[in-house]
Amino acid sequence: MKYRHLFGPVPSRRLGVSLGVDLVRLKTCTLDCVYCECGKTTNCTVERKEYVPPAEVREELGDYLENKPHLDYITFSGSGEPTLHAGLGEIIDFLKENYPRYSLCLLTNGTLFTDAAVRKQAGGVDLIIPSLDTATEKTFQLLNRPHPDLKCADIIEGLIKLRSEYMGKIIVEVFIAPGLNDYPEEISALKKALDKIRPDHIQLGTLDRPGTEEWVTPADSRKMQEIASYLKKAELIDTFKPGQRIFTFNDSHSRQILQTLRRRPCTVKDLQQMLSLRPSEIQKYINHLLAKDIIEMEQKERGTFLKIKKNHG
Ligand code: SF4
């Protein structure tokens, strides 16, 4: 079966072996973050609707999970903001009823938790990872470039409400962009907001693969450590630790590579871990795709990234 709404499993930096479920089309989001790995938001919206048919998602999940693959998480994430999908709760219920052995995670920008219906639907997952990069409206506009209906203070209130209603684990993810949200006044305002939200953990990340805007740079590790110790309960996001066998789709390797790169640029090492292939083997597919002019390379601080060429996106 060819999957249109599932991707991976990917070796997630946070979640181990994670099967991705993508509920929107590239790129549908409530924000247009300057660091987004998926590229510019082409459909910036706050309208909740069925962006992809829930029946197709259920069918693909049923097919993939039939053989009981090893997964640490099934994660709602992908080409934009998953809580925009009006059928999110229905798909979560389907997984909980039919595949209770799997833990579910929701990666979200947290902007729609102002809506009680979204908080209720998300309540069925085991782990929610909302992002919150700033507590000031000015930086929110510069860094996250929100839909005009969204206000930073309302989003923080929504996260506080989520914490009071939701019994599962919440890990807030903070992206640090030098020059935008790494100076003392910013971090101090963010800490006040996080103290009210009371997440179980805070994870700090910075740029490690190409973002939407070229001018966004990674924060240095000393700065990241400094912010982590100030925020308390905060840790830096580690890279994936290889060693676990990752079960792949029964699909051609070059299609899997393209499927992965369509969502985000990756290094050769990232792809090796995802596809459980020997370096020499994976290099063959990459050489082929480079020769066909379908993918290209881009040098970044963490290494050479492969990405889909614009006319093949
Ligand atoms: S980083 Fe997440 S929230 Fe920001 S634009 Fe990309 S998908 Fe949307």
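This dialogue covers a helix pair and a sheet in a predicted model.

Trainee: At what angle do the axes of α1 and α2 cross?

Mentor: Axes are lines fitted to C-alpha atoms, for helices over the stretch in contact, with angles from 0 to 180 degrees between N-to-C directions. Helices (H or I, at least four residues) and strands (E, at least two) are DSSP runs, numbered from the N terminus. The axes of α1 (residues 54–65) and α2 (residues 88–98) come within 10 Å and cross at roughly 25 degrees. That makes α1 roughly parallel to α2 (angles under 35 degrees count as such).

Trainee: Which residues of α1 and α2 meet?

Mentor: Contact requires C-beta atoms, placed from the backbone, within 7 Å. Pro54, Val57, Arg58 and Leu61 in α1 meet Glu90, Ile91, Phe94 and Leu95 in α2.

Trainee: In what order do the strands of the open sheet lie?

Mentor: Two strands pair if DSSP finds at least two bridges between them. The order is β11-β13-β12, with antiparallel pairing. β11 (266–267) and β12 (295–300) are edge strands with a single partner each, so one side of each has no neighbour in the sheet. Between β12 and β13 (residues 303–308) there are 6 bridges; Ile295 has Ile308 in β13 as its bridge partner. Helix α8 (residues 253–263) packs on this sheet, touching β11, β12 and β13, and its direction makes about 100 degrees with that of β13.

Definitions and conventions:
Residues numbered from 1 in each chain as written. Predicted model: local features only at pLDDT ≥ 70, side-chain atom pairs only at ≥ 80, totals over all residues. Parallel < 35°, antiparallel > 145°, perpendicular 65-115°, else oblique. Contact = placed C-beta atoms within 7 Å.
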